[in-house]
Amino acid sequence: MLVTLDNRDPRPLYLQIMDEIRRAIVVGKLKPEDPLPSVRDLASELVINPRTVSQAYQELEREEVVYVKRGQGTFVSPVNKKNSRERENLARSVAKRTLLEARRSGLSAEELIESIREVAAEEEKSSRERRRA
Amino acid sequence: MSDRRPPTIAQVIREQFKATGLSLRIYLMIAAGLLLVATFLAITDFINGRGGVEFAPELSMIPAFAGALLPIAVWHRDRPFGSRFLWTLPFDRTRHTLAKMLAGWMWLMIAGATFLVWLLILALITKGNIAGDEVVKLLPSTVIPDPVTLDPSLVRTMTWIPPKALWLVPFTSATATYLLVTAITLGFKHPFRWILGTVALVYLMAAIGHGLAADAFWPRLGRITNTLMEGRYGVDAVLSARTESLHTQVVLSNAERIGVWRALPKISDWLIATLLWTSIGITGLIAALYRNREQR
Amino acid sequence: MTTTNATALAVETTNLVKHYGDQVALDSVSFNVPEGSVYVLVGANGAGKSTTFKILLNLERPTSGDAKVFGLRTDANGPQARVQIGYVPEQQESPYPWMTSGRLLEYVAAYYPSWDAAYAAHLVKSLNIRTGKKSGTLSKGELRRLQLAMAMAHRPPLLLLDEPTEGLDIIARKQALSLLAEHLADSPTTVIIATHHVHEVDSLTDYVGVLKEGKLQAQMQRDELRKFVATQRPNDTRPLSLEDAIATLLSEETSR
């Protein structure tokens, strides 16, 4: 599943799609020059108005994350420094959502950052132990 | 999106003709079965020397009866009051109603013609009389046939040539009944209630009249009914050109029972009656269509 | 008849009122459905959803006010409006039980010159419609799928769907809605869906119209509505789904 939507997410659907595409590019699921799913296919899979998918793709095109080859569809842009900014944007986007969740639970940013470090360290440790075994 | 247009009337009539035929399939099959039985009976009668089938198209009330029942089958699933499927289709309601009615009528005419051809063939096979010249017995107009026996000398004999126009009677009578019943079916939200209500009202009036010991009521009602049914331009004039009601049986003074005519049927009576009752049907239909029209 | 919107309206009603005797079905309702959008109409049974559809199809005339489909008044241009509409009614019964599914499709095809026979065949296949079966013997679900095919095959610019997934099992529901999304990709279409199952059309929704007892309580974009309800209860920071938002809105009106 390249793109998954969250109905409870307050972000508009087209923004969710954009972020999901960006995420896929960053983690390597979509490589430069890879074709994006057609508007029709993605709309059918997500059960969403194709115009929303079109809107997302157009915005991504405007940000030069993707480009359109006439008659062939939409493709991931070739490697350039914009992709590294994408990583940054993605991280910020994830951070925003996590902070919101934390505040809802009454936690401060510092508590959250400390816990993230702890949990990341624990997970690294247990995965190393599994590899040894 | 204004390049999209509703279908043409020809297209609608064509589809309604096909669809109505499909919906009537089962009734047509039953009718065919009945005809087969009737054929069998007629032929066995002929073989046993009980005479042939007479081809008298004006006498059979069957097409008229079919015309009266047909609208019920045609409009059964597409009642005009409400949001039945037919009315969701992109065609003006009034024209649509007419198209569907026409489709049913076309099948009625086909059925009537088939029936007539069957009757003709049967008459030919059984060597019956095919509307040829007939020797008929006539009563003088002053005599009213009754249980009272009749003096044979009063009966005149003459040759009657049935006008070929009588062949049209099944078609015109069926059309008239079809129009009238269609008007009732389309005009009322609950046609059966109206029909039963009218019948109940008549009985109520009769009961009241009888209860009030108004002895003039019954005979008067009887006379009105008689004129309506058997008068010059009455219902029978439409259904059988009066050949049904003008023909009767009498007992002669020599105890012989014969069939006689009180008068010979006139084509002009039939024509006028048909026009009269068909006009009533058309008027009723126009009222029903107006009630169901699409635009304000 | 000026509009300040850049987007044309597929459906526009102005103070639409419908009375049945002394019962008020619609109370001065002004719908605005932009072209190309998916508009979800919600409300309890009897709230006025089906009545709205009937008026748009000119099966019923407004008591007052007017209804327009692509700029045409429905009460003056019934057939012209209907030729641009694909309709799935609430009732799940065949109009002519003795007709097979295939024959019914042919019947409808005769009325819509824009019928796409190849697309109809594709819909029949995708929706698993048995064309040889008498339509009176179909299950509710099969009939619903047939009704969907009948409505979509002539690619109408406006689809009016009254509980389109009613009677369908879970898989069939997802399939039908995915098919609808594909349909939207292939043909420019405006869709109005009247439904109780908001969660399954959630991501499809562009606009929501909330009807209660004949009145339009709210008419907003999907995200606007959720934001609106969220701001009404600032102490509750739980993320809201569309269904939650609508439920809150409907219950709030009751308690007021």
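This is a predicted model: local features need pLDDT of at least 70, side-chain atom pairs count only at pLDDT 80 or more; totals for chains, interfaces and linings use all residues.

Reader: Where does L196(B) lie?

Author: L196(B) is in helix α6 of chain B.

Reader: Which residues make up the nonpolar surface patch there?

Author: The patch is made by F65(B), L69(B), I72(B), F192(B), I195(B), L196(B), V199(B) and Y203(B). Its area is about 850 Å².

Reader: Let us step back to chain B as a whole. How many helices and strands does chain B have?

Author: Chain B has nine helices and four strands. Along the sequence, their order in chain B is α-α-α-α-β-β-α-α-α-α-β-β-α.

Reader: What box do the C-alpha atoms of chain B fill?

Author: Along the principal axes, the C-alpha atoms of chain B occupy a box of roughly 85 × 60 × 30 Å. Chain B has 296 residues, and 39% of them are buried.

Reader: What span does helix α4 of chain B reach?

Author: Helix α4 (residues 93-125) of chain B has 33 residues and reaches 48 Å from its first C-alpha to its last. That is close to the 48 Å expected at 1.5 Å a residue.

Reader: What follows α4(B)?

Author: K127(B) follows α4(B), and the phi of K127(B) is positive, near 55°.

Reader: How many residues does helix α9 of chain B have?

Author: Helix α9 (residues 267-291) of chain B has 25 residues. The distance from its first C-alpha to its last is 36 Å, close to the 36 Å expected at 1.5 Å a residue.

Reader: Which residues in α9(B) are buried?

Author: The buried residues in α9(B) are D269(B), W270(B), A273(B), T274(B), W277(B), T278(B), G281(B), L285(B), A288(B) and L289(B).

Reader: On to charges. How many salt bridges are there over all chains?

Author: The count over all chains comes to 25 salt bridges. Side chains of opposite charge can pair when their charged atoms come close.

Reader: What does R8(A) form a salt bridge with?

Author: The partner of R8(A) is D244(C), and the closest N and O atoms are 3.0 Å apart. This pair crosses between chains: R8(A) is in the segment before α1 (13-27) of chain A, and D244(C) is in helix α9 (residues 242-255) of chain C. R8(A) is partly exposed, at a relative accessible area of 40%, and D244(C) is also partly exposed, at 27%.

Reader: And which residue pairs with D186(C)?

Author: D186(C) forms a salt bridge with R40(A), with the closest N and O atoms 2.8 Å apart. This pair also crosses between chains, from helix α6 (residues 170-186) of chain C to helix α2 (residues 39-46) of chain A. D186(C) counts as partly exposed at 36% relative accessibility, as does R40(A) at 29%.

Reader: What about D66(C): buried or exposed?

Author: D66(C) counts as buried, because its relative accessibility of 17% falls under 20%. Its side chain meets that of R73(C) in a salt bridge (3.9 Å, N to O). R73(C) is partly exposed, at 33% relative accessibility.

Reader: Which residues are linked in a network of salt bridges?

Author: That network links D9(A), R11(A), D19(A), R22(A) and E63(A).

Reader: Which residues gather in the patch of negative charge?

Author: E114(A), E118(A), E122(A) and E123(A) gather in that patch on the surface. Among them, E123(A) is found in helix α5 (residues 109-132) of chain A, and E123(A) is exposed, with a relative accessible area of 54%.

Reader: Finally, is L112(A) buried or exposed?

Author: L112(A) counts as buried, at 14% relative accessibility. L112(A) has its place in helix α5 of chain A. Its C-alpha atom is separated by 6.9 Å from that of A102(A), ten residues apart along the chain.

Terms used. Residues are numbered from 1 along each chain as its sequence is written. Chains are lettered from A and ligands numbered from 1 in the order in which they are written. Side-chain values use heavy atoms; hydrogens and water are left out. Patches are made of residues with over 30% relative accessible area and no salt bridge: like charges are joined within 9 Å, nonpolar side chains (Val, Leu, Ile, Met, Phe, Trp, Tyr) within 5 Å. Accessible areas come from the Shrake-Rupley method with a 1.4 Å probe; for residues, only the protein chains shown count as cover. A salt bridge is a side-chain nitrogen of Lys or Arg within 4 Å of a carboxyl oxygen of Asp or Glu. Lys and Arg count as positive and Asp and Glu as negative; His and the chain ends are not counted. The place of a charge is taken as NZ of Lys, CZ of Arg, CG of Asp or CD of Glu. Helices (H or I, at least four residues) and strands (E, at least two) are DSSP runs, numbered from the N terminus. Buried means under 20% relative accessible area, exposed over 50%, partly exposed in between (1.4 Å probe, protein chains only). The expected span of a helix is 1.5 Å times one less than its number of residues.
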